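Please look at the sequence and the model first.

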Amino acid sequence: MQSITAGIIAHVDAGKTTLSEALLYRAGTLRQLGRVDKGDAFLDPDDLEKQRGITIFSHQANLSYQDLKLTLLDTPGHVDFASQTEQVLSVLDYAILVVSATDGVQGYTRTLWRLLAHYHVPTFIFVNKMDVPGTDQDALLTQLQTELSAGCVAFDATLSAETIETMAMQDDTILEQYLETGELTAATIKQLIQQRVVFPCYFGAALKVDGVDDLLAGLAQWTEPTPVKSEFGARVFKVSYDEAGTRLTWLRVTGGELATKAYLLNDQQINQIRVYNGSKFQIVPTLTAGDVAAIPNLTDTHPGQGLGIEPDVAMPVIQPVLNYTVDPKANDLHHCLTILQQLADEDPQLHVVWSAELQEIRLQIMGKVQLEILQQRLQTQFQLDIGFGEGSILYKETITQAVEGVGHFEPLRHYSEVHLLLQPTAPGSGLTFAADCPLEVLGRNWQHQVLSNLQAKDQLGVLVGAPLTDVKLTLVTGRASNVHSVGGDFREATWRAVRQGLMMLKAQQACQLLEPWYRFRLEVGQAQVGRAMTDIQRMQGSFEGPEPAANGSDLVVLTGTAPVAEMQDYSQTVNAYTHGQGQLECLIDGYRPCHNAEEVVAAQAYQPVADLENTPDSVFCAHGAGYPVPWDQVPTMAHVPYVYTAAELAEL
């Protein structure tokens, strides 16, 4: 029996959880169908999920069908919980993308499609709600092929000659073989699916269990297990807490074996292995490659973490863009911080930032629905009533040219100097770190200290103190003392080198403020198009269209991009001037240069030199005492010669 792990993903209200219920029911795992609208869905066991009728957390279920053992991972459909979906993708063999026949391909469907491509997940498509009058299978298939991939192919129990030819046409080499032999082997079709060249499409109505058997049969026939490795490897995709407050680390084993009493991650012993099915679990002694389970009481684990031979997953594509200040009301501030940090442990899109200087907690999140759910969880789980200040935009900073930054830390009986090359990188690449320094100049241990300290905290920009991104930081030279240097010295010198380089760039106007942008889709009536275009231009946005809406109505569609700061409350305006007939759909489309950077910088009034936790200044020693040296005087005081000249930096 082959073992497959598949995730079910979709736009909100597409019927994803309903399809999961139907699959479990037809496979014999459930005796009767649960329903989301009745609050008895097998894979929405949480009280908040039952109240709101949406999936908020990812859940596991297991079924067997013919020779297929299938582990299903149901994921949230709301965009505010997209990180719960993204973190699951890294452990999947296949995905089942659910598309609503009444809505077709939505903006968030396209976002999910890009994520599936990013994580290279082979995908089956189930078009749901085909029982609704007016749905057209041929038109929907054409839309899938146009907006997602030409490789979207309708699959039936028996593949027609036309279907086989369509699959062959997706690959020149396969097409040549097909023209010679007149057939495609089952192995070739599986290969095309695994390589994300062909995407099998099934049509049905999950609520009526129509088309579900065909999908199950297709999964059994056209999937292949991921090759396993002999050495132990596993990947963490979720952290949660059960009703007793036990911390659970959810992982998938990719190679070898994991057994109870084994030691894992900093010599932590595994005392229990839980295989969940909905809200219930079974305790097992051993996991083998392909198995998904939860391990209680591990610490220092996080989604995307690789164990054994598995590397960590790269930085998540989806990042929070809104910032809220916590109002503790009558509660102890540090008690609030402890609970919020526990919730942040579970949700990678919830970032909790503590400012010791301001004695203030800030939350970085995706949207208002996430904030509402958070507030409900705090009240129901922890009996904690807190408020939130007005939301603000979460800015980021980057650089537009290269610089060599220097940090020197030499109070009495301490010594370190670090030179870092800061270079701009591609948008969305985050921070990357490297070393290009000979070991005879700076020993391996000190180089390790520098790289570790670069990653030990968020590096902040010098315009508004926002997180630095899209920069490569390379250690190029430095100096240690055999007598006086200790590890903490290199932490101080490293952080100062980053800030000193940024201050040099700020003086050259080579620092750049970034803000999040939406990609939007706006439907309005013909009479309101002019108003909509004017509004978008006023919000510093750009658009394409107008084009007729695909559903045959009198509405027209504008698509484009605009800053989150300008458009985040625009849906209420659309609802007002279209009298409820218009619709605005916004999805985060990454960070771009801030449209009103000078205004934001002036309003924030950030003083980088006064930020003592992130100082750009250095400390030198003379006459037996350390003394501070301002950042702009460090170049003339540095003990180690610069690696790059100004001309060489300009060419990088």
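## Second largest cavity

His11, Val12, Asp13, Ala14, Val98, Val99, Ser100, Asp103, Gly104, Gln106 and Thr109 line the second largest cavity. A cavity here is a set of points, on a 1 Å grid over the protein atoms alone, where a 1.4 Å probe fits but cannot get out; lining residues have an atom within 4 Å of a point. The model is predicted: local features need pLDDT of at least 70, side-chain atom pairs count only at pLDDT 80 or more, and totals for chains, interfaces and linings use all residues. Residues are numbered from 1 along each chain as its sequence is written, and side-chain values use heavy atoms, with hydrogens and water left out.

The second largest cavity holds about 40 Å³ of space. Volume is the space filled by probe spheres set on the grid points, which are joined across faces, edges and corners. The structure has three cavities of 30 Å³ or more. Strand S4 (residues 94-100) gives the largest share of the lining of the second largest cavity, three residues. Strands (E, at least two residues) and helices (H or I, at least four) are DSSP runs, numbered from the N terminus. By class, the lining has four nonpolar, five polar and two charged residues. Nonpolar covers Ala, Val, Leu, Ile, Met, Phe, Trp, Tyr, Cys and Pro; charged covers Asp, Glu, Lys and Arg; the others, Gly among them, are polar.

## Helices H6 and H7

How do H6 (residues 161-168) and H7 (residues 172-181) cross? Their axes come within 8 Å, at roughly 140 degrees. Axes are lines fitted to C-alpha atoms, for helices over the stretch in contact; angles run from 0 to 180 degrees between N-to-C directions. H6 is therefore oblique to H7. Oblique is what remains after roughly parallel (under 35 degrees), roughly antiparallel (over 145) and roughly perpendicular (65 to 115).

H6 contributes Ala161, Ile164, Glu165 and Ala168 to the contact (heavy atoms within 4.5 Å). H7 contributes Ile174, Leu175 and Tyr178. Six of these residues are nonpolar, none is polar and one is charged.

## Leu384

Leu384 sits in the loop between helix H11 (368-382) and strand S21 (387-388). Its relative accessibility is 2%, so Leu384 counts as buried. Buried means under 20% relative accessible area (1.4 Å probe, protein chains only).

Beyond four places in sequence, Leu384 touches Asn331, His335, Cys336, Ile339, Leu378 and Gln379. Lys329 is 55 residues away along the chain, with 9.8 Å between its C-alpha atom and that of Leu384.

## Asn453

Asn453 belongs to helix H12 (residues 444-454). Asn453 counts as buried because its relative accessibility is 10%. Leaving aside neighbours within four places in sequence, Asn453 contacts Gln459, Gly487, Phe490, Arg491, Thr494 and Trp495.

Methods. 1 Å grid on protein atoms, 1.4 Å probe; cavity = no way out; pocket = protein on both sides within 12 Å on 5 of 7 lines; lining within 4 Å. Buried < 20%, exposed > 50% of the residue type's maximum accessible area, 1.4 Å probe, protein only.
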